[in-house]
Amino acid sequence: MIRSVPRSRWFDGLYLAYLVAFFVYLALPLTVTAVFAFNDAPFPSLPWKGFTLDWYLADGSGGRTGLFHDDTLLSALWVSTKIAFWVTVVSVALGCVNAVLFERLEFRGKEFLYLLMLLPLVIPGVILGVSILVFYSGMANDASRLWGVELDVFRPGMTLVVMGQVTFIATLATLVIAARLRKFDRQLEEAALNLGATPVVAWFTVTLPWLLPSILGAAAMAFLMSFENFNTTVMLTGSDTPLTVALFNRLREGSTPVLNAVALLLMVGSALLAVMAMGRSRDNA
Amino acid sequence: MNASAGRLSLWLLLTPFLLWIVLLVLVPHLQMLRVSFQVRESWDTLAWGLEQYQNFFTESYYWRTFVRTGVMSLFTTFLTLLIAFPIAWYIARLARGRAKGLLFLACLVPFWASELVRTYGWMILLRESGLFSSWLQALGWADGPVEMLYNDVAVIIGLVYNGLLFMVVPLVTTLDGMDENLVEAGYDLGGNHLTVLREVVVPWAMPGIVSGCIVVFMLTLGSYLTPILMGGKDSAWFTGQIFTQFITRFNWEQGAALGVLLLVLSSLIVWLGLKLSGQSLRKVMG
């Protein structure tokens with residue numbers, strides 16, 4: 001099974017058929033979702049009744065409410081954006097600090113702490129959510145019952161969602177940034193120090209610009225992962241529902257092409273973000 | 001830099017890390033463990049006890065779902081590996097130039113959409129009024145609408161789909177670094193396809209296989225959306241039960257116990273996988 005090793009023709013044919021089948025399998029669900037966002041029928045199913053933009057633009061007068069007039073979905077989109085923003089800021093900041101900590105410093109127990117850092121990647125998302133709910137929301141309940149103090153930040157809601165998502169997204173951000181820091185030539189920094197820069201100045205003028213592509217990449221990844229997350233989010237969300245949870249609730253009531261419209265918007269949005277992040281990291285590679 | 005400045009910068013960098021790990025990971029999990037051993041006697045008094053765990057073992061619905069979730073996750077992981085391996089092999093070893101990059105990109109694209117969108121796409125395809133059903137009728141292979149959603153096969157199709165990327169990427173990465181001479185040597189020494197695959201390729205790809213399997217297993221075991229939306233009444237998933245205890249029934253003590261059990265199961269299987277394959281968490285994850 002290698003270029004220089006002869007293979008039989010039927011094996012090659014079979015292999016090719018398998019490849020085609022695989023990529024069809026990969027593309028099919030997304031394609032149909034995208035296509036039915038434009039079907040002029042009340043359900044995302046066949047037959048095809050013609051092209052329409054109603055599922056984006058309809059203002060509710062014709063019995064249809066398009067995405068851009070659907071206040072519930074729009075506010076959910078805004079909630080998700082706010083959450084993703086904070087998750088990105090906190091995770092990337094933590095990622096930078098952790099990367100320097102593990103790549104640059106030597107201290108006792110480093111290996112053990114590194115393993116602790118990886119831990120959130122092998123804990124199911126639901127459990128991360130549950131444990132934070134039990135601890136913080138439980139604390140808020142106790143404080144209210146025992147002392148009459150209301151700790152509303154720790155009740156299910158935006159703060160808890162951000163905390164839950166940061167738990168594992170910070171690990172991923174750390175891995176991305178640490179990988180780039182590992183390739184940094186420390187002589188550059190030493191040269192800056194020799195030329196009279198203080199360590200802080202050297203860090204901001206030499207090391208940070210080197211890390212910037214990975215920081216932007218980690219930020220794009222953190223934003224996307226936060227935006228898409230469901231498992232952790234659903235345990236921690238309060239009255240301000242993020243988009244994934246709002247979509248899930250809609251989907252349980254039954255599906256309409258508005259869901260397809262949102263899905264397509266999400267696909268395009270994340271594809272753009274991914275392409276931007278990938279393009280940048282290639283420029284600076 | 002003198003010693004005290006070094007210590008200062010160590011602590012400045014260590015503090016955010018420790019705050020994160022202690023406040024968001026360690027303490028919450030210990031608290032979850034603690035709550036799982038609590039028994040509610042009345043609305044404001046709690047006692048220690050094993051009641052939540054006893055419920056799990058005496059209520060067959062709990063442990064049956066638990067075993068089912070574990071077995072189905074293992075099966076899904078295995079199936080994902082089988083499906084992804086030839087694809088990864090093609091991308092890493094056979095495709096050239098532009099095709100290689102494009103095929104790899106094609107594997108990434110579905111994962112720019114969220115799990116919810118992917119699951120929704122499958123629902124449109126598989127349900128009674130869905131596309132497959134319409135096509136079958138149009139071709140005359142079925143007389144009426146066919147329901148393909150809400151069963152275990154549908155759940156596995158969705159779960160495998162969700163896991164593919166996390167299997168393909170590590171496989172491509174490890175296979176890419178393999179020396180072709182090794183494979184040729186295998187053939188020169190008289191090996192056939194099967195022995196070369198077993199003795200040369202698989203051992204070489206082991207780190208990728210293990211990291212892919214661990215991530216896919218973890219994601220599958222902990223997934224909630226796909227089994228709930230695509231599974232039928234009999235396809236309960238353990239995360240669904242945890243959700244019910246916490247959100248619907250507000251029984252945190254029972255929910256915490258179920259959470260601990262799921263965590264134990266996932267840690268145990270991940271640990272076993274690492275031990276059996278001789279890999280370390282640091283090597284496959286970091």
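Visitor: Why is A:Arg145 called partly exposed?

Guide: Buried means under 20% relative accessible area, exposed over 50%, and partly exposed in between (1.4 Å probe, protein chains only). A:Arg145 has a relative accessible area of 41%, so the residue falls in the partly exposed class. A word on the background: this is a predicted model, where local features need pLDDT of at least 70, side-chain atom pairs count only at pLDDT 80 or more, and totals for chains, interfaces and linings use all residues. Residues are numbered from 1 along each chain as its sequence is written, chains are lettered from A and ligands numbered from 1 in the order in which they are written, and side-chain values use heavy atoms, with hydrogens and water left out.

Visitor: What makes A:Arg145 and A:Asp142 a salt bridge?

Guide: The term asks for a side-chain nitrogen of Lys or Arg within 4 Å of a carboxyl oxygen of Asp or Glu. Here the closest N and O atoms are 3.6 Å apart, so the pair qualifies. Both residues lie in helix 5 of chain A, three residues apart, about one turn of the helix. (A helix is a DSSP run of H or I, at least four residues, numbered from the N terminus.)

Visitor: Why is it said that A:Glu103 and A:Arg182 tie parts of the chain together?

Guide: A:Glu103 is in helix 3 and A:Arg182 in helix 6 of chain A, so their pairing joins parts that are 79 residues apart in sequence. Their closest N and O atoms are 3.0 Å apart, forming a salt bridge.

Visitor: What makes A:Thr244 buried?

Guide: Its relative accessibility is 4%, and the limit for buried is under 20%, so A:Thr244 counts as buried. Among the residues that A:Thr244 touches are A:Ser80, A:Phe227 and B:Leu116; contact means heavy atoms within 4.5 Å.

Visitor: Which helix holds A:Thr244, and how does helix 3 pack against helix 10?

Guide: A:Thr244 is in helix 10 (residues 243-253) of chain A. Helix 3 (residues 71-104) and helix 10 of chain A pack at about 150 degrees, with axes 7 Å apart. Axes are lines fitted to C-alpha atoms over the stretch in contact, and angles run from 0 to 180 degrees between N-to-C directions.

Visitor: How many salt bridges are counted between chain A and chain B?

Guide: The count there is zero. Even so, 86 residues of chain A are in contact with 85 residues of chain B.

Terms used:
Helix = DSSP H or I, 4+ residues; strand = E, 2+ residues; numbered from the N terminus. Lists of a residue's contacts leave out its neighbours within four places in sequence.
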